[in-house]
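User: Can you walk me through this fold? I'd like the cut-offs spelled out as we go.

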Amino acid sequence: MADKKVVKELKQSEKYKTIRQDLLDQLDRNGTYGEQFKDLVEDYMAFWITKSLLIEDINKRGVNVKYNNGGGQSGYKRNDSVGELNKTNAQMLKLLNELGIKATVADGGDDDEL
């Protein structure tokens, strides 16, 4: 279970605030209004926190982790955070799609889709 302090720090980080505000701004620019869409942005940000925690775990423990089942068997197995990170990223992309948010490149003029 994630430390509440770490989650609180992530929510108060500039990166969190910037991403959240950018998503809300993009909804506004796209003419997408409604509390249900704001709620999906909050869901996205919850996934962002989860993703950050998973990455932290992978960085700390590695891609493979040692196990010992107590029955004399031990070895290494894949860190479950790797698979969860992939699933979390997929859900985040689905949410962006549902919000109608696409990657764009601003070159001072027209926005071109990537």
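User: How many residues sit between strand 1 and strand 2 in the hairpin?

Analyst: Before the count, this is a predicted model, where local features need pLDDT of at least 70, side-chain atom pairs count only at pLDDT 80 or more, and totals for chains, interfaces and linings use all residues. Residues are numbered from 1 along each chain as its sequence is written, and side-chain values use heavy atoms, with hydrogens and water left out. Helices (H or I, at least four residues) and strands (E, at least two) are DSSP runs numbered from the N terminus. In the turn of this hairpin, G70 has a positive phi of about 80°, and the number of residues between the strands is 5.

User: Which residue in strand 2 is the bridge partner of N68?

Analyst: Strand 1 (residues 64-68) and strand 2 (residues 74-78) run antiparallel and are joined by 5 bridges. Strands pair if DSSP finds at least two bridges between them. For N68, the partner in strand 2 is S74.

User: At roughly what angle do the axes of helix 2 and helix 3 cross?

Analyst: Axes are lines fitted to C-alpha atoms, for helices over the stretch in contact, and angles run from 0 to 180 degrees between N-to-C directions. Contact (heavy atoms within 4.5 Å) involves, among others, L23 and L27 of helix 2 and V41 and W48 of helix 3. The two axes come within 10 Å and cross at roughly 150°.

User: Why does that make helix 2 roughly antiparallel to helix 3?

Analyst: Angles under 35 degrees count as roughly parallel, over 145 as roughly antiparallel, 65 to 115 as roughly perpendicular and the rest as oblique. With a crossing of roughly 150°, helix 2 is therefore, relative to helix 3, roughly antiparallel.

User: Is K11 buried, exposed or partly exposed?

Analyst: K11 lies in helix 1 (residues 4-11). Leaving out residues up to four places away in sequence, K11 touches Y16, K17 and I49. Its relative accessible area is 43%, so K11 is partly exposed.

How values were computed:
Buried < 20%, exposed > 50% of the residue type's maximum accessible area, 1.4 Å probe, protein only.
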